[in-house]
Amino acid sequence: MTIRTRFAPSPTGLLHVGNARAALFNFLFARHHGGEFLLRIEDTDKERSTQRAVDVIFDGLAWMGITADEEPVFQSARQDRHTEVALELLAKGQAYKCYCTPEELTAMREKAMAEKRPPRYDGTWRDRDPSEAPEGAPYVVRLKAPREGETVIKDLVQGEVRVANVEMDDLIILRSDGTPTYLHAVVCDDHDMNITHVMRGDDHLTNTFRQAMIYRAMGWDLPQFAHLPLIHGPDGAKLSKRHGAQSVVDFREEGYLPEALCNYLLRLGWGHGDAEILSREEQIKLFDLDGVGRSPSRMDYVKLAHLNGVWMRQADDERLTNDVMERLQGREGVVADDRTRARVLAMMSGLKERAKTLVELTDNAAFAGFTLPLTFTPKAEKLLDENGRKVLEGVGHDLAALPDFTAEAIDGVLRAYAEKNELKLGSVAQPLRAAMTGSTTSPGIDLTLAALGRDEVLARIASVLSA
């Protein structure tokens, strides 16, 4: 048997972090077992489904490096098949037409609640003769749920879960307008796509019991189910906007690398010993469902930022420079041209050591494209007092005379100036850093000056001294 998993989002909003983790787990499980990972877009809700949301799903999965092994299936294109199965169940006597009006259903619910019973459909049309049907009246098609015994799901994460069949009512599989319901469509699609393992959030567990009835009524084998615990906010409450980023788009815009987010989501509810930083190859090698816990996970944005910093330090300098330059486009007071790019690239080895997100990295690198005169932070202003300007004037003269403007040569000049004037190296480097960046942070001052180039360094010193 070839293991086949699927990710089946509804295109009615953003790719939420919980869905993204489900996609990752399905993908890794299939790859680990040499199986196949599929994508299905459940777009039967025509009012809420949008092409923009579909594009966000495709874009988000591609960014995360999660690729399907077959072309995506759109659920809306399979409506005829869903209807065919519903009519087959009707013909086999496993389903029936229900002619209850909305008013009758409301009265039914109100009576049940008044009698302190669960507000379920009472089976009014389950065993009635079709000849009693009102002529031309609209109807829905309901599945005949078993009335006795219990339904058992042997869940690969939650263990054995049971529900008494008397607790379930007769599920609608075709609406009065002839369209199939979501729960019915999912079963048809999973069966026809030969899905062997359904991995999704444990908020779907109730749906699974209802869907199992459709599988059994059709005589189909059930896939194996694995219901994943949900992701909560740091306070244990349902994840919401007040906690911070929730969707893949949010995390990308806030400067997280896809490998860092995937690494974090993997460890959010799954573990393998002390393994923490895992490449995609290692994830595929190690991931299996026996490492998935049963309890809800809590987002820890501090830990994610730390993990992102680790991955950024491992990232290729060219790639990070491209990301920074894209984020600098259109920023006021910054010229994001090829010269700025060359400066950023030259400093990247130092810049990435001091940042945890691409946003932070971009902010720290922006000075490479600043136009004169610079704007200074209060701390930088203090460094450019009379003593600081004196240092700039003296060291600027020495830097101008350098035959080779390399980091090594610059370091020698700064050390020699400090020694000659009986200053600590920091007393020389800090005013220079303020004059170059407008702040008090940058990569090593020798690397920073070398990246900016002699002409720019001298121009920035002159700008300060002339102010």
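UniProt lists Lys-241 as a "binding site" in an unreviewed entry. In this predicted model, Lys-241 is found in the loop between strand 11 (231–232) and helix 7 (248–253). Is Lys-241 buried or exposed? With a relative accessible area of 75%, Lys-241 lies over the 50% cut-off, so Lys-241 counts as exposed.

Lys-352 lies in the loop between helix 12 (338–351) and helix 13 (358–365). Its relative accessible area is 9%, so Lys-352 is buried. Which residues does Lys-352 touch, leaving aside its neighbours within four places in sequence? They are Met-312, Arg-313, Ala-315, Asp-317, Leu-320 and Leu-361.

Four bridges join strand 1 to strand 2 (residues 36–41), and the pairing runs in the parallel sense. To find one of these bridges, look for Arg-6, whose bridge partner in strand 2 is Leu-38. In a regular strand, side chains alternate between the two faces of the sheet.

## Aromatic rings

The model has eight aromatic pairs. A pair of aromatic rings is described by the distance of the centres and the angle of the planes. Here are two of the pairs to look up:

| Pair | Distance between ring centres | Angle between planes | Arrangement |
|---|---|---|---|
| Phe-25 and Phe-287 | 5.0 Å | 50° | tilted |
| Phe-27 and Phe-37 | 5.7 Å | 90° | edge-to-face |

Phe-25 counts as buried, at 0% relative accessibility. Phe-287 is buried too, with a relative accessible area of 0%. Together with Trp-270, Phe-25 and Phe-287 form one aromatic cluster.

The pair of Phe-27 and Phe-37 links helix 1, where Phe-27 sits, with strand 2, where Phe-37 sits. These two residues are 10 residues apart. Both Phe-27 and Phe-37 are buried.

The charged end of Arg-128 sits over the ring of Trp-125, 3.8 Å from its centre. Arg-142 lies over the face of Tyr-121, at 3.7 Å from the ring centre.

## An antiparallel sheet and a hairpin

Arg-142 leads us to another sheet. Arg-142 stands opposite Ile-172 in strand 8. Strand 5 (residues 140–143) and strand 8 run antiparallel and are joined by two bridges. The open sheet here has three strands in the order 4-5-8, with antiparallel pairing. Strand 4 (95–98) and strand 8 (172–174) stand at the edges with a single partner strand each, so one side of each is left without a neighbour in the sheet. On average, and with direction ignored, neighbouring strands of this sheet are turned by 45° against each other. Helix 3 (residues 79–91) packs on the sheet, where the helix touches strand 4, strand 5 and strand 8. The direction of helix 3 makes about 120° with that of strand 8.

How many residues lie between strand 6 and strand 7 in their hairpin? There are three residues between them. Strand 6 (residues 150–155) and strand 7 (residues 159–164) pair in the antiparallel sense over six bridges. Within this pairing, Lys-154 stands opposite Glu-160 in strand 7.

## A helical region

Finally, follow the chain to residues 326–464. UniProt lists this stretch, in an unreviewed entry, as "domain: Aminoacyl-tRNA synthetase class I anticodon-binding". Over these residues the chain is 66% helix and 0% strand. The end C-alpha atoms of the stretch are 29 Å apart.

How values were computed: Residues are numbered from 1 along each chain as its sequence is written. This is a predicted model: local features need pLDDT of at least 70, side-chain atom pairs count only at pLDDT 80 or more; totals for chains, interfaces and linings use all residues. Side-chain values use heavy atoms; hydrogens and water are left out. Two strands pair if DSSP finds at least two bridges between them. Rings of Phe, Tyr and Trp (its six-membered ring) pair if their centres lie within 6.5 Å; planes under 30 degrees apart count as stacked, over 60 as edge-to-face and the rest as tilted. Buried means under 20% relative accessible area, exposed over 50%, partly exposed in between (1.4 Å probe, protein chains only). A charge sits over a ring if NZ of Lys or CZ of Arg is within 6 Å of the ring centre and within 35 degrees of the ring normal. UniProt positions are given in the numbering used here, feature names are shortened, and annotations may be inferred rather than shown by experiment. Axes are lines fitted to C-alpha atoms, for helices over the stretch in contact, and angles run from 0 to 180 degrees between N-to-C directions. Contact means heavy atoms within 4.5 Å.
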